[in-house]
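Open the model in your viewer and keep the selection tool at hand. The stops below go from a pair of strands to a loop.

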Amino acid sequence: GDIYEGTWRQGLQHGNGTMWTFTGKIYDGEWEDGSRSGHGRLIDKRLGDVYVGDFKADEFNGFGVLHYGNGDAHHGQWRDGKRHGQLLSHVLVWHASCIQRHPLSSGLWKPGSCK
């Protein structure tokens with residue numbers, strides 16, 4: 001089962017704490033009435049994804065950065081676990097033996113920019 005280490009209030013996680021789940025996720029951060037709420041970090045060890053930012057009712061809410069295990073990342077606003085509003089995305093661009101990050105909005109490969 002899941003393991004929680006941290007503060008409690010009326011039998012629920014409340015305050016600061018860390019939870020390790022049987023599905024391979026680790027959450028370290030703020031809790032409110034048994035839910036991830038406030039600032040925290042969620043790691044999915046199976047996928048290699050890491051989110052650092054704001055939570056509300058167990059969902060990404062507010063500003064946060066989600067780094068995917070493949071190297072892509074999304075920086076910006078979230079609402080109810082989904083990207084929302086202003087967001088900057090980066091994807092890895094592969095070209096021969098060269099790896100380079102580019103904003104998703106431009107997506108342009110510049111020859112010779114990777115040495």
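Two strands pair if DSSP finds at least two bridges between them. Strands (E, at least two residues) are DSSP runs, numbered from the N terminus. This is a predicted model, in which local features need pLDDT of at least 70, side-chain atom pairs count only at pLDDT 80 or more, and totals for chains, interfaces and linings use all residues. Residues are numbered from 1 along each chain as its sequence is written, and side-chain values use heavy atoms, with hydrogens and water left out.

Select S5 and strand S6 (residues 59-67): they run antiparallel and are joined by 6 bridges. Lys 56 has Glu 59 in S6 as its bridge partner. The hairpin of S5 and S6 has 2 residues between the strands, and Ala 57 there takes a positive phi near 50 degrees.

Pick Gly 40, whose bridge partner in S5 is Gly 53. In the hairpin of S4 and S5, 4 residues lie between the strands, and Gly 48 takes a positive phi near 85 degrees.

Where is Thr 21? Select the loop between strand S2 (12-20) and strand S3 (25-32) to find Thr 21. Thr 21 counts as partly exposed because its relative accessibility is 23%; the class lies between buried (under 20% relative accessible area) and exposed (over 50%), with a 1.4 Å probe and protein chains only. Finally, display Asp 44: its C-alpha atom is 9.7 Å from that of Thr 21, and the two are 23 residues apart along the chain.
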